[in-house]
Amino acid sequence: MLGEQVGESQDQIRRYIRLTELIPEILEMVDDKKISMRPAVELSYLQKEEQAILYDTMESEVCTPSHAQAIKIRKFSAEGRLNEDVLLSIMSEEKPNQVEQWKIPKNRLKKYFPSGTTQQKMEETIIKALELYRKREKSRER
């Protein structure tokens with residue numbers, strides 16, 4: 001009923017309720033949009049002591065867990081294997097959205113490829129060309 005009244009799904013209402021299990025410091029991070037809802041829900045299943053250690057790790061490493069990392073943290077907690085070293089290891093993983101990306105507009109590349117060439121095929125061809133270029137440059141240096 002509450003969901004209907006406020007225009008939210010039942011699952012979303014359950015998530016909000018679940019967030020009440022977070023320690024205040026992590027809940028504040030959710031409120032400040034530093035941690036997204038789904039990872040926060042996963043973290044809410046950690047024991048309070050584990051959440052405190054996680055919070056300290058997030059503060060010292062200046063990072064927050066992705067949803068996948070939060071799931072992994074929850075799994076380690078459920079298995080009784082979560083500790084500072086495990087947390088630091090998980091939080092140190094490079095997240096896909098943190099990998100630096102280069103973008104080249106397709107209209108700059110299309111003159112080098114037949115019409116209908118897929119993006120993956122273009123990428124593979126460019127990487128091969130760069131590998132050949134590097135080999136040629138190394139042989140020039142000798």
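Trainee: Where is V62 found?
Mentor: V62 is found in the loop between α5 and α6. Keep in mind that this is a predicted model.

Trainee: Is V62 buried or exposed?
Mentor: V62 is exposed, because its relative accessible area is 72% and the cut-off for exposed is over 50%.

Trainee: What is phi near at K33?
Mentor: Phi of K33 is near 65°, a positive value in a residue other than glycine. K33 is found in the loop between α3 and α4. With a relative accessibility of 73%, K33 counts as exposed.

Trainee: Where in the chain is confidence lowest, and where is it highest?
Mentor: Lowest is helix α1 (residues 2–6), at a mean of 64. Highest is α6, at 96.

Trainee: What is L54 in contact with, leaving aside its neighbours within four places in sequence?
Mentor: I26, L43, L46, I73, L87 and M91 are in contact with L54 on that basis. Note that I73 is in this list, and I73 is also named with L54 for touching the most other core members.

Trainee: Is L19 buried or exposed?
Mentor: L19 is buried, because its relative accessible area is 6% and the cut-off for buried is under 20%. L19 is found in the loop between α2 (10–18) and α3.

Trainee: What does L19 touch, not counting residues up to four places away in sequence?
Mentor: L19 touches L27, V30, M37, A40 and V41. For a distance, take Q69: L19 and Q69 are 50 residues apart in sequence and 17 Å apart in space, C-alpha to C-alpha.

Trainee: Is M29 buried or exposed?
Mentor: M29 is buried, with a relative accessible area of 9%. Its place is in helix α3. Leaving aside neighbours within four places in sequence, M29 is in contact with K34, I35, Y55, M58 and T64.

Trainee: How does S89 read? What is its relative accessibility?
Mentor: S89 has 45% relative accessibility, so S89 counts as partly exposed. S89 is found in helix α7. Along the chain S89 and L43 are 46 residues apart, and their C-alpha atoms are separated by 16 Å.

Trainee: Next, open space. How many Å³ lie in the largest pocket?
Mentor: The general idea: rolling a probe the size of a water molecule over the atoms shows where empty space is left. Here, about 430 Å³ of space lies in the largest pocket. The elements giving two or more residues to its lining are α8 (106–109) and α9 (119–141).

Trainee: Which element gives the most to the lining of the largest pocket?
Mentor: α9 does, with six residues. By class, the lining has seven nonpolar, one polar and three charged residues. Among the lining residues are W102, K106, L109, Q119, E123 and L130.

Trainee: Where does K106 lie?
Mentor: K106 lies in helix α8.

Trainee: How many Å separate K106 and R18 in space?
Mentor: K106 and R18 are 45 Å apart, C-alpha to C-alpha, and 88 residues apart in sequence.

Definitions and conventions:
Residues are numbered from 1 along each chain as its sequence is written. This is a predicted model: local features need pLDDT of at least 70, side-chain atom pairs count only at pLDDT 80 or more; totals for chains, interfaces and linings use all residues. Side-chain values use heavy atoms; hydrogens and water are left out. A nonpolar core is a set of buried Ala, Val, Leu, Ile, Met, Phe, Trp, Tyr and Cys residues joined through side-chain atoms within 4.5 Å. Buried means under 20% relative accessible area, exposed over 50%, partly exposed in between (1.4 Å probe, protein chains only). Contact means heavy atoms within 4.5 Å. On a 1 Å grid over the protein atoms alone, a cavity is a set of points where a 1.4 Å probe fits but cannot get out, and a pocket is an open set with protein on both sides within 12 Å along at least five of seven lines; lining residues have an atom within 4 Å of a point. Grid points are joined across faces, edges and corners, and a volume is the space filled by probe spheres set on the points. Helices (H or I, at least four residues) and strands (E, at least two) are DSSP runs, numbered from the N terminus. Ala, Val, Leu, Ile, Met, Phe, Trp, Tyr, Cys and Pro count as nonpolar, Asp, Glu, Lys and Arg as charged, and the others, Gly among them, as polar. pLDDT is the predictor's confidence in each residue, from 0 to 100.
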